Amino acid sequence: MWYIYILKSLSTNKYYVGYSSNPNSRLILHNSGKVIATKNRGPWKLVYREKFDSETSAIYRERQIKNWKSRTAIERLLF
């Protein structure tokens with residue numbers, strides 16, 4: 001199984017969208033500063049995830065959400 005996930009920074013109030021086969025272990029990497037894109041902007045909280053049968057489907061959905069480029073659109077998905 002593959003997942004897309006959305007993290008929220010508790011320090012900057014920004015969102016990060018990614019994909020992984022294990023979002024919980026990926027969250028640990030984000031919070032430990034081992035992911036360049038999110039380093040020094042944590043701590044991060046997992047606020048959303050969707051499950052997919054294939055990595056290709058997860059990547060497609062991740063790109064779709066990232067292309068929204070809108071905090072409002074992401075928050076509509078969350079709430």
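**Helix α3 and its buried side**

The buried residues of α3 are A73, I74 and L78, where buried means under 20% relative accessible area with a 1.4 Å probe, protein chains only. Because these residues cover an arc of only 145° around the axis, they sit on the same side of α3; the arc is that of the directions from the helix axis to the C-beta atoms. An α-helix has 3.6 residues a turn, so residues three or four places apart point the same way.

This is a predicted model, in which local features need pLDDT of at least 70 and side-chain atom pairs count only at pLDDT 80 or more, while totals for chains, interfaces and linings use all residues. Residues are numbered from 1 along each chain as its sequence is written, and side-chain values use heavy atoms, with hydrogens and water left out.

**Around α3**

- The buried residues of α3 pack against β1, β2, β3 and α2 (55–68); contact means heavy atoms within 4.5 Å.
- L78 lies in helix α3, residues 71–78; helices (H or I, at least four residues) and strands (E, at least two) are DSSP runs, numbered from the N terminus.
- Leaving aside residues up to four places away in sequence, L78 touches I6, Y15, V47 and Y48.
- At the start of α3, a side-chain oxygen of S70 comes within 3.3 Å of the backbone nitrogen of T72.

**The sheet**

- Three strands form an open sheet in the order β2-β1-β3, with antiparallel pairing; two strands pair if DSSP finds at least two bridges between them.
- β2 and β3 are the edge strands, each pairing on one side only.
- Strand β1 (residues 2–9) is joined to β2 by six bridges.
- G18 in β2 is the bridge partner of Y5, and Y16 in β2 stands opposite L7.
- The hairpin of β1 and β2 has five residues between the strands, and N13 there takes a positive phi near 65°.
- Five of the six residues of β2 (residues 15–20) are buried.

**Residue E50**

- E50 is in strand β3, residues 44–52.
- E50 counts as buried because its relative accessibility is 17%.
- The side chains of E50 and Y48 are joined by a polar contact of 2.7 Å; such a contact is a pair of N or O atoms within 3.5 Å, and within protein one must be able to donate a hydrogen and the other to accept it, with residues adjacent in sequence counting only if both atoms are side-chain atoms.
- Not counting residues up to four places away in sequence, E50 touches W2, Y3, I4, R61 and L77.

Conventions
Buried < 20%, exposed > 50% of the residue type's maximum accessible area, 1.4 Å probe, protein only.
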